[in-house]
Amino acid sequence: MKYFITALILAATATPAIAATCADKPIIVERLETMFNEQIVANSLLPSLAILEVYASPEYKTWSIAVIDPKNNLFCLQASGKGFASYKEYMNMLDNSKSL
């Protein structure tokens, strides 16, 4: 979990590498929903006053992290991937690995 939180912090503070990762929020959200069945699962207000949003699909086990810059009205994907586990599953996995 520590690595997941670190990844979220790094993604949230990163500057988008290219403008192609940014678009109007309805466009990106619609694509996340139709292509990957991702729904928003978490959000947070960052110290910079940007908004971090995490989207995920339990069905496809995909996730996406976006940061919204309200000052410039930008919705930018920062990271996406496949595969995740719930916190409980992750902790059980760690406990099981200690007993090996």
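**A nonpolar core and the helix that lines it**

In this predicted model, the largest nonpolar core consists of seven residues, namely Ile28, Val29, Leu32, Tyr55, Ala66, Ile68 and Phe75. A nonpolar core here is a set of buried Ala, Val, Leu, Ile, Met, Phe, Trp, Tyr and Cys residues joined through side-chain atoms within 4.5 Å; buried means under 20% relative accessible area, exposed over 50%, and partly exposed in between (1.4 Å probe, protein chains only). Two or more residues of this core come from each of helix H2 (25–36) and strand S4 (62–69), and H2 gives the most, with three residues. Helices (H or I, at least four residues) and strands (E, at least two) are DSSP runs, numbered from the N terminus. In soluble globular proteins, nonpolar side chains tend to be buried together.

A second, separate core has six residues, among them Leu46, Ala50, Ile65 and Val67.

Helix H2 itself is worth a walk from end to end. H2 has twelve residues and spans 16 Å from its first C-alpha to its last, close to the 16 Å expected at 1.5 Å a residue; the expected span is 1.5 Å times one less than the number of residues. Ile28, Val29 and Leu32 are buried in H2. Seen down the axis of H2, its buried residues fall within an arc of 100°, so they line one face of the helix; the arc is that of the directions from the helix axis to the C-beta atoms. On the face turned away from this buried side sit the exposed residues Pro26, Thr34 and Met35. The cover over the buried residues of H2 includes strand S1 (22–23), strand S3 (51–57), S4 and strand S5 (74–82). Just after H2, asparagine 37 adopts a positive phi of about 60°.

Stepping back to the whole protein chain, its secondary structure comprises three helices and five strands, following the pattern α-β-α-β-β-β-β-α along the sequence. Of its 100 residues, 24% are buried. The chain exposes about 7100 Å², with carbon and sulfur atoms supplying 63% of that area (Shrake-Rupley method, 1.4 Å probe; for residues, only the protein chains shown count as cover).

Residues are numbered from 1 along each chain as its sequence is written, and side-chain values use heavy atoms, with hydrogens and water left out. Local features need pLDDT of at least 70 and side-chain atom pairs count only at pLDDT 80 or more, while totals for chains, interfaces and linings use all residues.

Terms used. Contact means heavy atoms within 4.5 Å.
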